[in-house]
Amino acid sequence: MSITPVITIDGHSGSGKGTISARVAEHLGFRLLDSGALYRALGIAAYNLKIDLNESIQITELMKNIEIKFGANGPGTVLLNGEDITLMVRSELGGKMASKIGAIPEARKALFDMQLAFRDGPGLVADGRDMGTVIFPDALLKIFLTASVQERAERRYKQLIDKGIDAILPDLLRDLKERDKRDMERIVSPLKPAEEAVTIDSTDLSIQTVVDQVLSLFSTVIKKSLQR
Ligand code: C5P
């Protein structure tokens, strides 16, 4: 195979995409693109610099002046112009800012090439909202992962409480619904399954069951592509 194979895993916030993508990538020895972290880092940069999200020129300028680095301070870390912003990136604020900035065409355009550059080595697992529809339309396998909004809010609540962070379930539920609406209704790259995507509803499934399903689908796709 001459071109690096890609598995795209798109879906709703809290559907388990992040964990599942990381495990699939680790199992296959593939690279991982957590595109949400790029949007979160950009959102935090805009927040810190008090950028007006209605001013597209300010967003374009911002993109010229920031450098985002992953993993430089250890696995999962994010540096913004040399400053470790990992905790902010993963916070509720990071998610909210990412969803706002993700609705701005200039921001999506600016992150386009950065995302393509992750396609390297033996393979790539790309986690996001538009990985299969816009960024890697030629991916070998496209997954659309979902779960009921109640289940996703409960998972997030448990994660926060386990980390010792206060959380209010009805607030998380409301925020998730708002974010789903913004992600699905935006004009550029709205969240929707790619035509050929396999949809997996993880509401009643364990993480490992979903990982096994993705790996099994990938091995079928690879076998088919070798027969061609
Ligand atoms: O996946 P994660 O929850 O980290 O994404 C945070 C937000 O970033 C999403 O709600 C979405 O609005 C935005 N995003 C996006 N396109 C992507 C990845 C994330 O618009 N490819």
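## A quick tour: sheet, domains and ligand

Let's start with a pair of strands: S4 (residues 78–80) and S5 run antiparallel to each other and are joined over two bridges. What you're looking at is a predicted model. The protein splits into domain 1 (1–30 + 121–222) and domain 2 (36–120), and a ligand lies between them, because both domains give residues to the shell around it.

**The sheet**

- S4 and S5 belong to an open sheet of three strands, ordered S3-S4-S5, with antiparallel pairing.
- Strand S3 (68–70) and strand S5 (83–84) are the edge strands, each with a single partner, so one side of each has no neighbour in the sheet.
- Want a spot to look at where S5 has a residue across from it? Leucine 80 stands opposite glutamate 83 in S5.
- As for how this works in general, strands of a sheet pair through backbone hydrogen bonds, and the pairing can be parallel or antiparallel.

**The two domains**

- Domain 1 comes in two stretches of the chain, 1–30 and 121–222, while domain 2 covers 36–120.
- Take the C-alpha centres of domain 1 and domain 2, and you'll find them 19 Å apart.
- The two domains touch: 24 residues of domain 1 are in contact with 18 residues of domain 2.

**Around the ligand**

- The ligand is surrounded by 16 residues, and the closest are Arg40, Arg108, Arg179, Asp183 and Arg186.
- Helix H2 gives the most to the shell, with four residues.

- The side chain of aspartate 183 has an N or O atom 2.5 Å from an oxygen atom of the ligand.
- For arginine 108, the distance from a side-chain N or O atom to a ligand oxygen is 2.8 Å.
- Arginine 186 also reaches the ligand with its side chain, where an N or O atom sits 2.9 Å from a ligand oxygen.
- How much of the ligand does the protein bury? On its own the ligand exposes 450 Å², and the protein buries 95% of that.

Terms used: Residues are numbered from 1 along each chain as its sequence is written. This is a predicted model: local features need pLDDT of at least 70, side-chain atom pairs count only at pLDDT 80 or more; totals for chains, interfaces and linings use all residues. Side-chain values use heavy atoms; hydrogens and water are left out. A residue is near a molecule or strand if one of its heavy atoms lies within 4 Å of it. A polar contact is a pair of N or O atoms within 3.5 Å; within protein, one must be able to donate a hydrogen and the other to accept it, and residues adjacent in sequence count only if both atoms are side-chain atoms. Accessible areas come from the Shrake-Rupley method with a 1.4 Å probe; for residues, only the protein chains shown count as cover. Domain bounds come from an automatic or database domain assignment. Two strands pair if DSSP finds at least two bridges between them. Contact means heavy atoms within 4.5 Å.
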